[in-house]
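Please look at the structure shown here with its chain in view from end to end.

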Amino acid sequence: MARTKEACMLILDVGKDTVVKSGKNDLTFFERAKGCVTKIVQRKIFSKPHDEVGLVLMGTDDTSNQLNVECGGYEHIAEAFELGPSNWKMLRILESRIQPSKVNANWFDALLVATNFLKVGAQAKKFATLKIILISKLSGVVELEAGELDSFVDKLTNMPCELNIINDNVEHQTGSDEQEEDGVGFDALGIFSQRGNRSKEQRKNEKLLADIVFKSNGALCNIDSAELLLVHFERKVTRSMPWNCMLTIGSKLQISTSTYVLISAEKGLSSFKTECVDPNAVVKLKTDHFKNDKLYEPDYENLIKGYMYGSTVVPYDSQMDFDYKSGEQCLSCLGFTAAGNILEEYLCGTGTHVVVAKKDCAASEAKLTALIKAMLELDVVMIATKVYRRDTKPKIQALLPTFRRRFPCLTMLELVFQEEVALLKFPPLLSNRHKPTDAQYEAVDKLIDAMDLMDGLDDETGSKEAFALHKTLNPIHQHMYRTVAHRAIHPKAPLPAMDEELRQLVDVPPKIRERSKEALEDVKNLFPLKELKVNARLKWLQKTAKISVQSDGDAAGSSSQPNDGSAEEELDDHRTVVEVGTVTPAEDFALLLKRGEKFATVCTQIQNVISDLVFKSMTTQYEKVAMAIMIFREEAKLLGPYRFNEWIGEFKKSLLSRNKQEFWERVVVQERFGLIGAAESEMSTITANEVEEFYDVGVTSKVGAAEDNADYVDADDLFANM
């Protein structure tokens, strides 16, 4: 294991002088300092669980430290937690038991105690870095003997140990871009402010600490900046493991490469471990089998695995070898193509990889560098086949040449196969009827300029980019971290709502909201919106009538009114319909009737399709089924309601017997798709009372066990029509 662990000793000032207001939120310095310690420990738990943390309290009523036992004189300082992995127990104690005291302590003595405590705790352990963080108001008199300060600095340097000071009287100068990109936690350019009312002791303490920080290459941080830096959780740092493979180009050229993950989907917290309250309890997994929503016991001896294709079961036996054998691990070049041929919609996968020359392989580095330079000059990308390990599924990759921080590399992105491309047909956006005016174009241009994110944030250093790629965190993960931390510390308290700073991660920045008001008002005035309330039943009837008119007009070779061609294209798409399908059942039903198909034949088809969509689909498509029932019912009013009334009665029995009450209430009852009465059709003999009684579930008795073995309806056309 690489030596990446950090040992951090925290010093929290709990003296009486910390109970003073600090900042803009009317919080005391003690409350803010305690919050910083809590957030530091929480970040260690989530992001760096292998780091170790210790805690020293200064200003306590009691004295409990090793230096005081050995030498004496280190009073009101307590070693609260020895160096160890951060845990929730520490946070619970910190939250409930640590309170401000009525005495102060010497901050220099606290530094000496913490240094000794850290040195003893780190013995026989391997740490990459040692760190001490002092969070104090820096009050109280500190008298140092000659050479004592230099001796302490030498001790820090020899360990070596980094010293960080958090105080509310620190000013920060503008750091370099490099520091901002690297996410430095404590700005070394921080200095103690000379403004404000401070006691003589505080000025003297600040001067001494500034001298220590300067000589030990430490850092000063304002508590406001510390709170901003600690408010968000970082993801767990892991070492990137390379995928080593030979890049093959043709039959003679081979380059040893290493592939690293550049961008991947953040999974957040890993799965939780479950524990039983009773340690002696035996937990067993129980599996129940259901058939038609009824519990039954299968014959395990005669069971085999299978796949569902629609409603057809395809059996699978382990003796059948269906797996595709892709061969050995490889990254093989298929050829090169112009960079403009790789469109964004052709990219897929869950992340981005970077391909570099294998470490300590000078020949491969020279070959890859020459290849990348040539690809950049010719403006081409490489298309390659990737097999991650032996006999795994091959994937097509696009390798784009680039230089990252002056190092040549190939950015690898996964490409789709032909079967994965969905050909979608959309009407044209710009038509003669809806062509924007010059004023509308200008208004949209102004809106885009007003909502430019490149200068969407203002701070002390000027304007900055809003939602910068490397600085925008996932609010879902951040809220999850905070929720878990809150539940761990307060097991019985209700979960907190999302904090305001997390809402800002997905909200429009105030600066952009303010400057875009005028542009938004112009767009609102130039693009008036009118709400159209169209009855769904009337809309579909009008659409059916429109198709009928166009069909008749096409047969006569004339058209009563011009159109833009979209309706005619829609009609052409449906001319190949030979029966009612599951994709557009309502339109299929209407078109087949207009072409002269027998009403009885088409009725049977749409009845079967409705049953398939309701009982055989994985998810019920309410709108599609409702439109199919509606068009069937409307045509039955004109051509004969008997078939519909007979079918809807049987359909009701099937719905109730198969626990489809929600569909019954949501579609049939709510939309009034029940029996066709004499008031709606002269050919019907159903009275108004019978129509109303039909919607009552209690009128029809539920079908018994015989209904479970009802006629099987093949639903394979659910896939065939897609």
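Predicted model: local features only at pLDDT ≥ 70, side-chain atom pairs only at ≥ 80, totals over all residues.

Residues are numbered from 1 along each chain as its sequence is written, and side-chain values use heavy atoms, with hydrogens and water left out.

In the protein there are 23 helices and 23 strands, where helices (H or I, at least four residues) and strands (E, at least two) are DSSP runs numbered from the N terminus. Of its 722 residues, 37% count as buried; buried means under 20% relative accessible area, exposed means over 50%, and partly exposed lies in between, with a 1.4 Å probe and protein chains only. The accessible surface comes to about 45700 Å², and 52% of this area belongs to carbon and sulfur atoms; such areas come from the Shrake-Rupley method with a 1.4 Å probe, and for residues only the protein chains shown count as cover. If one takes contacts (heavy atoms within 4.5 Å) between residues at least 6 apart in sequence, 72% of them join residues at least 24 apart.

Side chains of opposite charge can pair when their charged atoms come close. The structure holds 23 salt bridges, each being a side-chain nitrogen of Lys or Arg within 4 Å of a carboxyl oxygen of Asp or Glu. In one of them, arginine 32 pairs with glutamate 227, and the closest N and O atoms are 2.9 Å apart. This pair links distant parts of the chain, since arginine 32 belongs to helix H1 (residues 29-47) and glutamate 227 to helix H8 (residues 223-230), 195 residues apart. Arginine 32 counts as buried because its relative accessibility is 6%, whereas glutamate 227, with a relative accessible area of 25%, is partly exposed.

Another salt bridge brings together the side chains of aspartate 168 and lysine 137, at 2.5 Å from N to O. Aspartate 168 lies in the loop between strand E7 (162-167) and strand E8 (170-171), and lysine 137 in the loop between strand E6 (129-135) and helix H5 (148-158), so the pair ties together parts that are 31 residues apart in sequence. The aspartate 168 side of the pair counts as partly exposed at 24% relative accessibility, and lysine 137 is buried with a relative accessible area of 14%.

Which residue does aspartate 455 form a salt bridge with? The partner is arginine 515, and the closest N and O atoms are 2.9 Å apart. Because aspartate 455 lies in the loop between H10 and E22 and arginine 515 in helix H13 (residues 510-515), the pair ties together parts that are 60 residues apart in sequence. Aspartate 455 counts as partly exposed at 28% relative accessibility, and arginine 515 is partly exposed as well, with a relative accessible area of 29%. Helix H13 also contains glutamate 514, which is exposed, with a relative accessible area of 51%. The C-alpha atoms of glutamate 514 and methionine 451 are separated by 9.7 Å, although these residues are 63 residues apart along the chain.

The loop between helix H10 (438-450) and strand E22 (457-459) also holds aspartate 452, which counts as partly exposed at 34% relative accessibility. Aspartate 452 gathers with Asp445, Asp449 and Glu465 in a patch of negative charge on the surface.

Salt bridges also link Glu6, Lys44, Asp51 and Lys131 in a network. Leaving aside neighbours within four places in sequence, threonine 38 is in contact with Leu91 and Leu94.

A cis peptide bond, with omega about -15°, joins methionine 159 and proline 160, and proline 160 is placed in the loop between H5 and E7. Aspartate 360, in the loop between strand E18 (347-357) and helix H9 (362-378), has a phi near 60°, a positive value in a residue other than glycine; aspartate 360 is exposed, with a relative accessible area of 77%. Aspartate 379, which lies in the loop between H9 and strand E19 (380-387), has a positive phi of about 55° although it is not a glycine.

Notes
Patch = residues over 30% accessible without salt bridge, like charges linked within 9 Å, V, L, I, M, F, W, Y side chains within 5 Å. Lys, Arg positive; Asp, Glu negative; His and termini not counted. Charge placed at Lys NZ, Arg CZ, Asp CG, Glu CD.
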